[in-house]
Amino acid sequence: MDDFIKMKGSGNITFDADMAAVNKIYQDLEGKQAIFIKETGIHCPAGCGDCCTRFEPDILPVEAEFLAMQMLQKEGVDPAAEIVRMENLSEQFSQGVCPMQQYNVALSVTTERAAIAPAIAGACTVYSGRPLVCRIFGFASYADKTGNPVYVPCKLMTQTEESLQGTSKILAPIATAYGTRMESLRPQDAVQRLFLRKALVRAFQKIGMMFSFKES
Ligand code: SF4
């Protein structure tokens, strides 16, 4: 199971309710995936992380804020420093390379995250706060041309004929259902998706402001 960090409240009732709702979506998804994995035996190759290597998620503000809160509370990052770091990623981190993958962190000329997360290729440094798309990949069903849900594995996954047959009995969670739930938390933000690094900057700006109001 995931290692969700129990968040302390920010003091902003609406914001805290949103964070609890995101947590609930992730926990519901994880619960369904745990059943799917148990019944089918399908899993990722050990230490893989290939799906993160050439990919940067584009995420909703509410997902970015959840991730930022996890980083604040798990790692104690400083919002202002994290904004500077995200805005000054080296060219190796051109868009399309997730700056949160351990291998990418190890390449980074900025060392804060490397110090937090020593280099182990193929792992996420923000696992407990990672966005929805990262949780869904390889463990979700999508509608086919006729609208019927079909399980879509990652090509690198370990699977057998028997395990794939199991997917006809136990359906992997339907990806769009969780995407819709996430969007419905703040319908006005549905068109505000940004690549992770930019979404995180905005999230830390918002949270930094919220905390400074709280302290003043
Ligand atoms: S946030 Fe984590 S899981 Fe998602 S792409 Fe980046 S490194 Fe991979």
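Which residues of H3 are buried? The points below take up this question first and then turn to other parts of the model, which is a predicted one.

1. The buried residues of H3 are Pro61, Val62, Glu63, Ala64, Glu65 and Phe66, together with Leu67, Ala68, Met69, Gln70, Met71 and Leu72. Because twelve of the 15 residues of H3 are buried, this helix is largely enclosed by the rest of the structure.

2. The length of helix H3, which covers residues 61–75, can be checked against expectation: at 1.5 Å a residue, its 15 residues should span 21 Å, and the C-alpha atoms at its ends lie 20 Å apart, which agrees. Just after H3 comes Gly76, a residue that takes a positive phi of about 65°.

3. As for the setting of this helix, the protein chain comes to ten helices and four strands, and the order of its elements from the N terminus on is α-α-β-α-α-α-α-α-β-β-α-α-β-α. Of the 216 residues in the protein chain, 30% are buried. Among contacts in the protein chain with a separation of 6 or more, 76% are accounted for by residues 24 or more positions apart.

4. The largest nonpolar core has 37 residues, and those with the most contacts inside it are Ala64, Leu67, Ala68, Tyr178, Leu200 and Ala203. Two or more residues of this core are given by each of helix H1 (13–40), H3, helix H7 (132–136), helix H9 (175–185) and helix H10 (196–215). It is H3 that gives the most to this core, with eight residues.

5. Not counting residues up to four places away in sequence, Gly208 touches Pro79 and Ala80. The C-alpha atoms of Gly208 and Asp78 are separated by 8.9 Å, although these two residues are 130 residues apart along the chain.

6. The last point concerns the ligand, around which the model places Cys52, Phe55, Pro57, Cys98, Met100, Gln101, Cys124, Val126, Arg130 and Cys134.

Terms used:
Residues numbered from 1 in each chain as written. Predicted model: local features only at pLDDT ≥ 70, side-chain atom pairs only at ≥ 80, totals over all residues. Expected span 1.5 Å × (residues − 1). Buried ≥ 20, exposed ≤ 12 C-beta atoms within 10 Å, placed from the backbone. Near = placed C-beta within 6 Å. Core = buried A, V, L, I, M, F, W, Y, C linked by C-beta atoms within 7 Å. Contact = placed C-beta atoms within 7 Å.
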